[in-house]
Each structure stands twice: as C-alpha cells, then as structure tokens.
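Here are some notes to read beside the model. Please keep the structure open and check each point against it.

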Amino acid sequence: MNYFAAQMNLRVKQNSPAIGKGSTAVAATVPTDIANVSRTSNPTLGAYQYQ
C-alpha cells in the first residue's frame, strides 16, 4: 500500500449517496472492488463497495 492510500480513508461512508447507485451491468464486468469485495449485488459507485 502506498503512503497516500495508507493516510487517506477513501471508503464509502454509511450515509453516502453513492451506495446502491452503481450499474449491475457494469458491476458484472468488474465483480469485485479495489479491496476484492464483491459488488455484483447492489453496487456502490466508486472504487470501494460499501459493506
């Protein structure tokens, strides 16, 4: 992990409007997020899937 990623918390917060706004069609082509979490059901916009 690089310094920037270690210092910044870029994960989706609980009240983010990005939760559930991703496209399931697009998520099917990229089934996991940057942290290897499944995003095929109710995908979140961005690099991280909300858990």
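**Notes on a predicted model**

1. The side chain of D33 makes a polar contact with the backbone nitrogen of Q49, at 2.7 Å. A polar contact here is a pair of N or O atoms within 3.5 Å; within protein, one must be able to donate a hydrogen and the other to accept it, and residues adjacent in sequence count only if both atoms are side-chain atoms. The side chain of D33 also reaches the backbone nitrogen of V37, at 2.8 Å.

2. On the basis of the numbers: this is a predicted model, in which local features need pLDDT of at least 70 and side-chain atom pairs count only at pLDDT 80 or more, while totals for chains, interfaces and linings use all residues. Residues are numbered from 1 along each chain as its sequence is written, and side-chain values use heavy atoms, with hydrogens and water left out.

3. The protein chain has 2 helices and 0 strands. Helices (H or I, at least four residues) and strands (E, at least two) are DSSP runs, numbered from the N terminus. D33 is placed in the segment after α2, and R39 also lies in the segment after α2, which spans 24-29.

4. Which side chain of opposite charge is nearest to D33? Buried means under 20% relative accessible area, exposed over 50%, and partly exposed in between (1.4 Å probe, protein chains only). A salt bridge is a side-chain nitrogen of Lys or Arg within 4 Å of a carboxyl oxygen of Asp or Glu. For charge, Lys and Arg count as positive and Asp and Glu as negative; His and the chain ends are not counted.

5. R39 is likewise buried without a salt bridge, and D33 is its nearest side chain of opposite charge, at 5.7 Å. Contact means heavy atoms within 4.5 Å. Leaving aside neighbours within four places in sequence, R39 is in contact with residues including A27, D33, T44 and Y48. With residues up to four places away not counted, D33 touches R39, A47, Y48 and Q49.

6. N36 has a positive phi of about 65°, and N42 has one of about 55°; neither is a glycine. Most residues other than glycine have a negative phi. N36 counts as exposed because its relative accessibility is 61%, whereas N42 counts as partly exposed because its value is 48%.

7. Where is G20 placed? G20 sits in the loop between α1 (3-7) and α2. Its relative accessibility is 31%, so G20 counts as partly exposed. G20 touches N42, P43 and T44, not counting residues up to four places away in sequence. G20 and S41 are 21 residues apart in sequence, and their C-alpha atoms are 8.7 Å apart in space.

8. Q51 lies in the segment after α2. Q51 counts as exposed because its relative accessibility is 66%. The C-alpha atoms of Q51 and R39 are separated by 9.6 Å, with the two residues 12 apart along the chain.

9. Some totals to finish. Buried residues make up 18% of the 51 residues in the protein chain. The chain exposes about 3,900 Å², and carbon and sulfur atoms supply 56% of that area; accessible areas come from the Shrake-Rupley method with a 1.4 Å probe, and for residues only the protein chains shown count as cover.
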